Amino acid sequence: MKNIILAACVAAFSAVSGAYAQTAQQPCDCVILTEEQPTTYRLLTSNNCYLLEECYIVQSGQTLEIEPGTVIFGDVNTKGSLIIERGGTLIADGQPNPMVSPDPIIFTSSAPVNARAPGDWGGITILGYAENNIPSTGEIDI
């Protein structure tokens, strides 16, 4: 039952976030996020837009917080992505329903509107401490 509820939530999030992502336009003055997070805590505010160039890595012991309403673009040319390493923290509590609040957190491609396609950017990777699905082998180190 949990898997069905999780799948429904993911599908709903994808549908809502996809609609917003297709209309988000990248201004020229985005803050560039590249390589490793330089501090233990960083807040991405909704009054800026952000561009992931290559991999932006939040390491163990670091926290990245993203305000509702923030727009983050993944660079098409470098396949920009966000990586949260084991022990790193991501706080991202946007509101996906525009009827409740117009403040979703949007991750999308840096390609022009109507030219965006799946695979344009690298996505979000969260590395955790979960066990794998092969009995008796425990965790997999990456």
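Tutor: Two strands count as paired if DSSP finds at least two bridges between them; helices (H or I, at least four residues) and strands (E, at least two) are DSSP runs, numbered from the N terminus. The model is predicted, so local features need pLDDT of at least 70 and side-chain atom pairs pLDDT 80 or more, while totals for chains, interfaces and linings use all residues. Residues are numbered from 1 along each chain as its sequence is written, and side-chain values use heavy atoms, with hydrogens and water left out.

Student: In what order do the elements of the protein chain run from the N terminus on?

Tutor: The protein chain holds one helix and nine strands. Read from the N terminus, the order is α-β-β-β-β-β-β-β-β-β.

Student: Which strand is joined to β6 by four bridges?

Tutor: Tyr-56 has Leu-82 of β6 as its bridge partner. The two strands run parallel, and the one joined to β6 by four bridges is β3.

Student: And how many bridges join β1 to β3?

Tutor: Strands of a sheet pair through backbone hydrogen bonds, either parallel or antiparallel. Here Glu-35 of β1 stands opposite Tyr-56 in β3. β1 and β3 run parallel, and the number of bridges that join them is six.

Student: Which residue of β5 is the bridge partner of Leu-51?

Tutor: β3 and β5 also pair in the parallel sense, over four bridges. The partner of Leu-51 in β5 is Phe-73.

Student: Why is strand β3 described as largely enclosed by the rest of the structure?

Tutor: Buried means under 20% relative accessible area, exposed over 50% and partly exposed in between (1.4 Å probe, protein chains only). Cys-55 is partly exposed, at 32%. Strand β3 covers residues 49–58 and is largely enclosed because, of its ten residues, the number buried is seven.

Student: Is Ile-84 buried or exposed, and which residues does it touch?

Tutor: Ile-84 lies in strand β6 and has a relative accessibility of 2%, so it counts as buried. From Val-58 it is 26 residues away in sequence but 4.9 Å in space, C-alpha to C-alpha. Taking contact as heavy atoms within 4.5 Å, and leaving out residues up to four places away in sequence, Ile-84 touches Val-58, Thr-89, Leu-90, Thr-125, Ile-126 and Leu-127.

Student: What is the handedness of the disulfide between Cys-30 and Cys-49?

Tutor: A disulfide is taken as a pair of cysteine sulfur atoms within 2.5 Å, and those of Cys-30 and Cys-49 are 2.0 Å apart. The pair links distant parts of the chain, 19 residues apart: Cys-30 is in the loop between α1 (2–23) and β1, and Cys-49 is in strand β3. Both cysteines, Cys-30 and Cys-49, are buried. The torsion about their S-S bond is about -105°, so the disulfide is left-handed.

Student: What is the positive phi of Lys-79, which is not a glycine?

Tutor: Lys-79 is in the loop between β5 (71–74) and β6 (81–84) and counts as partly exposed at 41% relative accessibility. Glu-35 is also a non-glycine residue with a positive phi, about 65°; it is exposed, at 54%. For Lys-79, phi is about 55°.
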